Amino acid sequence: MTPQSQTVRIDLGDRSYPIVIASDLIEAPATFAHCPPAAQAVIVTNDTVQPLYAQRLQAALAPKYAKVHTVVLPDGEAHKDWQTLNVIFDGLLANGCDRKTVLFALGGGVIGDMTGFAAASYMRGVPFVQVPTTLLSQVDSSVGGKTAINHPLGKNMIGAFYQPQLVVCDLASLDTLPDREVSAGLAEIIKYGPIADMAFFEWLEAHMDALRQRDRQALLHAVQRSVEIKAWVVGQDEKEAGLRAILNFGHTFGHAIEAGMGYGNWLHGEGVGAGMVMAVHLSLQLGLVDAHFVARLTRLIERAGLPTRGAVLDDKDNAGAYLQHMRVDKKAEAGEIRFVLIDGPGKAIMRSAPDHLVRQVIDTCCAQGVGIQTA
């Protein structure tokens with residue numbers, strides 16, 4: 001049975017936009033009927049997604065735009081940098097794109113972040129549309145206007161808040177994802193339960209097997225609920241002055257893993273999976289949750305096919321290596337690391353913690369010589 005279409009609206013005044021969730025959206029011209037008019041459109045994608053979906057999207061856009069160009073980037077987090085960003089600018093300039101040209105980000109979180117940053121920067125801002133083709137990008141990175149590239153010293157350190165005109169979540173595109181990418185996306189879905197909605201957490205416990213098997217009805221509900229929570233948070237705190245920071249549950253530890261292991265060796269969702277385990281252990285150490293909840297969340301992360309132990313970044317001082325990376329995280333303030341912690345199931349808070357406790361958690365949650373562990 002094909003699930004019906006759902007639309008979630010993100011409320012940001014004159015910058016509000018819809019997030020459409022259904023199957024077979026990419027090839028339907030009607031999906032893009034309300035996109036901004038322009039003489040040209042540019043699809044930005046990567047060399048993995050391009051042969052799968054670029055022609056379909058190009059055909060859907062052809063009735064609306066006289067010229068539809070495609071810029072193809074190399075795939076992977078390792079290419080989320082200045083050099084690859086310039087490939088987008090080269091394509092825009094070579095084709096004489098003006099400030100009305102609409103960019104379409106066709107791919108996962110890396111493509112979405114880079115296309116959004118390019119759109120924010122080119123001619124001081126051109127419109128763009130998110131067409132996320134991974135589970136992780138559908139439930140997280142495509143929604144909310146965070147755009148960025150990485151720096152060798154920190155993830156997503158150079159970027160801008162810049163909202164898309166539309167987000168198109170085509171569930172059919174998830175059929176071509178490797179299992180590892182599906183699991184990575186599930187990490188960003190799981191996080192919404194402990195921080196905001198324990199009823200959703202319980203639903204995930206009951207439907208995790210269906211999600212891993214890519215049941216369309218289960219995916220529709222998981223994507224819709226995740227996007228609803230994120231839209232509600234972003235609508236109140238677009239630029240992460242306070243509340244929005246709770247969406248980074250597990251990310252402070254996870255970003256340290258990604259940077260410390262070299263971008264691309266651990267997928268973002270894998271870092272978040274292990275990072276959530278570390279964050280809930282820190283919550284336990286601070287007396288905010290009980291051991292039962294730690295075990296429950298760890299089990300769900302494991303069932304999603306995600307690592308529950310962190311990487312070893314340094315054989316001699318692993319905790320020190322984590323702390324070094326975390327001190328340059330965007331959530332750090334004057335060198336003090338701010339963690340998203342669980343203040344009882346369904347509620348998140350931001351707070352710091354003593355280094356000795358953080359070290360203890362890292363030592364507990366990382367195993368010597370262990371890389372990515374999956375269920």
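These notebook entries record what I looked up in a predicted model of one chain.

**Entry 1. Conventions**

I worked from a predicted model, in which local features need pLDDT of at least 70 and side-chain atom pairs count only at pLDDT 80 or more, while totals for chains, interfaces and linings use all residues. Residues are numbered from 1 along each chain as its sequence is written, and side-chain values use heavy atoms, with hydrogens and water left out.

**Entry 2. The chain as a whole**

I began with secondary structure and found 13 helices and 11 strands in the chain. These are DSSP runs numbered from the N terminus, with helices being H or I of at least four residues and strands E of at least two. The radius of gyration, taken over C-alpha atoms, is 20 Å, close to the 21 Å that the globule rule gives for 375 residues, so the chain is as compact as a globular protein of that length. That rule is 2.2 Å times the number of residues to the power 0.38. I noted that the C-alpha trace spans about 60 × 45 × 40 Å along its principal axes.

I then turned to burial, where buried means under 20% relative accessible area, exposed over 50%, and partly exposed in between (1.4 Å probe, protein chains only). Buried residues account for 58% of the 375 in the chain. For contacts (heavy atoms within 4.5 Å), I looked at pairs at least 6 apart in sequence, and 76% of these join residues at least 24 apart.

**Entry 3. Helix 9**

I next examined helix 9, residues 251-261. Nine of its 11 residues are buried, so the helix is largely enclosed by the rest of the structure. The buried residues are H251, T252, F253, G254, H255, A256, I257, E258 and A259. Their cover includes strand 8 (154-161), helix 5 (179-190), helix 10 (268-285), helix 12 (318-326), strand 10 (339-342) and helix 13 (355-365). Just after the helix, G262 has a positive phi of about 90 degrees.

**Entry 4. The nonpolar cores**

I took a nonpolar core to be a set of buried Ala, Val, Leu, Ile, Met, Phe, Trp, Tyr and Cys residues joined through side-chain atoms within 4.5 Å. The largest such core has 82 residues, of which L135, I190, F253, Y322 and M326 touch the most other members. Helix 8 (residues 216-236) supplies the largest share of this core, 10 residues. A second, separate core of 24 residues includes A38, Y53, A60 and V131.

Which residues does F253 touch, not counting those up to four places away in sequence? I listed G275, M278, A279, L282, Y322, M326, F339, V358 and I362.

Helix 10 has 18 residues and reaches 25 Å from its first C-alpha to its last, close to the 26 Å expected at 1.5 Å a residue. The expected span is 1.5 Å times one less than the number of residues. I found helix 10 mostly covered, with 15 of its 18 residues buried. It is followed by G287, whose phi is positive, near 75 degrees.

In helix 12, seven of the nine residues are buried, so this helix is largely enclosed by the rest of the structure. The buried ones are N318, A319, G320, A321, Y322, L323 and M326. Helix 9, helix 10, strand 10 and helix 13 are among the elements that cover them.

E270 lies in helix 10 and counts as buried at 2% relative accessibility. Its side chain makes a polar contact of 2.6 Å with that of R180.

N156 is in strand 8 and is buried, with a relative accessible area of 16%. The side chains of N156 and K80 are joined by a polar contact of 2.6 Å.

**Entry 5. A332**

A332 sits in the loop between helix 12 and strand 10. Its relative accessible area is 19%, and it is buried. Leaving aside neighbours within four places in sequence, A332 is in contact with M326, R327, I337 and R338. I also noted that the C-alpha atoms of A332 and S352, 20 residues apart along the chain, are separated by 9.1 Å.

**Entry 6. Cysteines**

How many disulfides are there, by the rule of cysteine sulfur atoms within 2.5 Å? The count is zero. The sulfur of C365 is 6.7 Å from the closest cysteine sulfur, in C366, which is too far for a bond. C365 counts as buried at 4% relative accessibility, and C366 is buried with a relative accessible area of 11%.

Notes: Polar contact = N/O pair within 3.5 Å; in protein donor to acceptor, adjacent residues only side chain to side chain. Disulfide = S-S within 2.5 Å.
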